[in-house]
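Hi everyone, thanks for coming. Let me put the structure up, and then we'll walk through a few parts of it together.

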Amino acid sequence: MVAEGAAQLCRSLCQLCLTDQNRLDDLCNLGFAVLEKCRNNENALQSEKEKSSLRHALERKDDSLLQDFLVCFEHCRTAEVVTLLARILMEYINPSSEESKQRLQLIAKMNGVSYLAKSLRFQLQLYDGSEIMDSSLASLIKVSMLVGGVDGRMYIKVRFGGLLALAANAVATRRIQCTELLEFLTFVCHSGKNAALLSKNEKFLLFIKSTFQDYANENMGTIRHCAELLYLMSKPKSTRQILVSEGIVQSVMDLFQAFFAKKEETAWTVCMAALGTVRLLTSTMAGRQTLVECNGLEIFREAVKFYNEQEEPNRNCSFLYHAMSSLCLRCLPMCRLPVDSMQHPVSVELPVKRTTYTPADILSDSEEELSIAAGFLTDTDDEVMAQKSASEGPPACVKLFQSEIHWYRFLCRELEFGTGENSESPDHDSLEAEKMLYGVVEVNDTIRKRLPQRRRNSLSEVAGLRFSNQKKDEGGIRKAFYLSLCRRASLDSRPRPGPVWYNWMEYVFQAVSTHSVYQFITVAFPDYHGLYPNLSRQRLKFYPNTLLEKLEPLIDRVEVQTPPAKVVYDLDALLKEPRPEVPPHLLLSDDIMRLGKSDAHTTSLKFESRFESGNLRKAIQVGAYEYDLILTPDTNQINEYFHTFYFQVSNMVSNVPYTFNIINCVKTRSLYNSGMQPVLFSVTEAVLGRPGWVRSGRSCVYYRNFYAREKTVARSKAPQTITSYYTASFTLQFRHAYDVCYFAYHYPYTYTMMKTHLLKLSQLLSCVSDVHFRIDTLCRSIAGNPVILITVTNAASRSVLEERDVIVLSSRVHPGESNSSWMLHGLLNYLVSPQPRACLARSLFIFKIIPMLNVDGVVNGNHRCSLAGEDLNRQWVRPDKQLFPSVYHTKNLISYLKHIGKAPLVYCDFHGHSRKKNVFAYGNNPNLSWYSADRKSQHQFEFYQLPEILDDISPGFHLKYCAFDVRKNKEGSARVAVWRDTGISRAYTVEASYAGFDRGPYEGYQVTTKDLIEMGEKFIDALVILKDDIKHGNVAARKFELGSKN
């Protein structure tokens, strides 16, 4: 035996274990021999050689050794042997190594969780209290959690195999004193269904309550695991009422009071878990009432008084006090939001009546939490398939109507006629699209003739600040400017000057043709300043103690009688006032004329949002320098999505701290608590030669407030759940008195800005013969705004173009996600530039780009929906042609390309993300689909390639945050519907954070437009590299899969 290697000894162990388990001594000797070979301390080189040999034997595809070894867990009943098997398996996995993730994946592929779960169940049934049995359980639990971490089926096996109930009863009756078993229960209760099942176990609830009550005599590890487990059990909405009725709130409050004064790290963990449990349970009416009866308000108010920032520098401590402050607000009586109706002030009549509604996602971002599964296995959406019938499948594909093929053929006419000078004959549709952007003959003179002299002079001053006034027939200047794009491209290491993209008159002219649901009264001054604000990089700024400072004033506002609040801005009332209609060509900004002038009738701030993308509905002065703000809802909304904002402020004094509270946000979390600041544009700074948006504001905080949401808009919640709004609050001192300033959640990018940008690009490219840049109208929105389709490639004959792959890109399906437009803006500028890699991209691909899918939503300041009141990114399965025209025609265009044999190589939809940092992507891995038939499809993990390339070349992109699971509630999204209908494996959603970065060279900084533009440029570079990889047969490295240290 000594002469045999570790691999041969392991093979002998498996053979003996499967044939004759009665030879216990021989089994133990073989097991110890394998471990001794792998842990030879006297000869480290020989030990590594034996380990390598064993791992090679276990991983050989033509060898069944690993499968046999895993089967041994199921067949073996002896604790000593099971312990040895678990230790050998841990030796093989070697969790600290970089290869551990691949080994865990291999074990999971061989159904390792099933064998381990059965073995653990047998060991619990045979438990006799011996030391060897405790050791067996500890070893088996450790390896089971490692494998279960990459295989979502672990949750099913534990529940349906009876292991969950068996383990819970063993702990509840104290038959097994094993903290590892509590740790295992905590692990499997990350599944909501397991947590809900455990919550119904009365014995286990009594065990937790008795543990908390007798905490002085309990092990600290046991208390910590019980507190964490109870928090997970409180997460499912269906269990909260049960836990409240069992008196858990009082038990948790007693535990919190007992551990709050302790300084140990474990005590902080227990307190945070206790506060998390109370927070979840008080989302029900009964839980909130119980907390009030337990004197929760007094307990937490007294606790926060002990906070001292100098004595408590620990950031975890700040989180603890923030949680206590939030719970204090939970104890306050609920109030009604000070607005008459939660519907949009203007009712928009739809082309057809809606018959179905899309329910709101539980999490309202483009995607949900990151997947915890590895990149090869089953559903990660908590074993949905276990509950579904085998016959249930994904939605059927929508057929392309024959009558519409001619329209999509026209939009792809370069594939039939080429792009030479004489190859295309313009028709009515082409001329209409060109007229939309090119009809600017003598625009400067036309507007100037209609302007009063005073305003004309003021605007002339603005024109001199930054903008060029070249006439459109100056081809030489345009060509020189186009060539300068090469110097500005991202591959150039020299500083890039800020380009002058358009003058203000070009913007005003484009604004004339923009249709909104109500009449705008002004043009936002920041929009005059082009598309490259000169932004300096700013660090993420954390204010963890802000809510603590606000707590007492907030409580006083409810408990103390205060004078009636003063409404200083009311959009509803303003829209009802009779007002003379302003001709569109006179819609200009008068901000400069108002600089330095105070309003003699009031000392309050003045607000305005009646401009493109503005969405402030009401402003209420609640203090001398404090204002509560209410955002405008989406038009015709079914579900609430309040989050982003854009409004104007004036009549301020300088060097006084003003506080703004946006009190009707609905997201449960926000990056304001993670260092993000809103952006500010000062007109005075622009006049002084420093135009641009800057991150500004201090004491930024986001918290649940005491304003109740209407039941009609919260119908997706449980009946007993209390739903309230959230407040986004920040404080700012204005630098200049009586300035005119604009606040926004993120750098705005309006529909008119996009049109003006495309106009300028068209003018610049008119002198470049080798770049084919064409603008078509894909369709028109409900309000009549053109949805633009851009075609970009290098000019070539039909035969050459037929050899090129097609890339389809889209953006801005959610109006509030302006960061997606900035990425596509950078991508487009780079793509048409003379940069070598951009030229190569144009020679390899034909780009079809829809830069703004939801134009009506952008124009009217919607957060997430179109004028139809629905989330367009949930309508891709069967989009209604009249209600969702942009989605309907984009999907059909992609289907047409597949129909003619030109299915896109890549489809990508650009988005913004409000809860995570960095830039990342979502893709479609069939092995991670909720639908079992998808997991049988053949692939080479090609969907990993593009994200892996972006991770290598883009400093802002990070693979760790990517996800590739296909969830059932995402079937209506662009990436899933396009993948399912057309079979495009490289269909993605690219998400950019609103806040900033926590990894890479930009770590600790807030995102700027330069970062987003750079991301767009890198996307083009990544496509070129992808094409080269495909040409040379390179496959994905699969760096994404769980365990990656990227």
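This is a predicted model: local features need pLDDT of at least 70, side-chain atom pairs count only at pLDDT 80 or more; totals for chains, interfaces and linings use all residues.

**Cysteines, a helix pair and the core**

So, cysteines to begin with: there are zero disulfides in this structure. Take Cys 17, which is in no disulfide; its nearest cysteine sulfur belongs to Cys 72 and lies 3.9 Å away.

Is Cys 17 buried or exposed? With a relative accessibility of 0%, Cys 17 is buried. Cys 700 is buried as well, at 1% relative accessible area.

Now to a pair of helices. Helix α5 covers residues 79–93 and helix α8 covers residues 131–148; their axes are 8 Å apart, and the two pack at an angle of about 35 degrees. The crossing of α5 over α8 is left-handed. Which residues make the contact? On the α5 side they include Ala 79, Val 82, Ala 86, Leu 89 and Ile 93, and on the α8 side Ile 132, Ser 136, Leu 140 and Val 143 are among them. Sorted by class, this contact has eleven nonpolar, four polar and three charged residues.

Let's move on to the core. The largest nonpolar core has 317 residues, and those touching the most other members are Phe 204, Phe 607, Phe 660, Phe 773 and Phe 847. Our helix α5 turns up here too, giving this core its largest share, eleven residues.

Finally, a look around Phe 204. Beyond its neighbours within four places in sequence, Phe 204 contacts Ala 168, Val 171, Ala 172, Leu 182, Leu 185, Leu 198, Leu 229 and Met 233.

Note on methods. Residues are numbered from 1 along each chain as its sequence is written. Side-chain values use heavy atoms; hydrogens and water are left out. A disulfide is a pair of cysteine sulfur atoms within 2.5 Å. Buried means under 20% relative accessible area, exposed over 50%, partly exposed in between (1.4 Å probe, protein chains only). Axes are lines fitted to C-alpha atoms, for helices over the stretch in contact, and angles run from 0 to 180 degrees between N-to-C directions. Helices (H or I, at least four residues) and strands (E, at least two) are DSSP runs, numbered from the N terminus. A crossing is left-handed if the near helix is turned anticlockwise from the far one by less than a right angle, and right-handed if clockwise. Contact means heavy atoms within 4.5 Å. Ala, Val, Leu, Ile, Met, Phe, Trp, Tyr, Cys and Pro count as nonpolar, Asp, Glu, Lys and Arg as charged, and the others, Gly among them, as polar. A nonpolar core is a set of buried Ala, Val, Leu, Ile, Met, Phe, Trp, Tyr and Cys residues joined through side-chain atoms within 4.5 Å.
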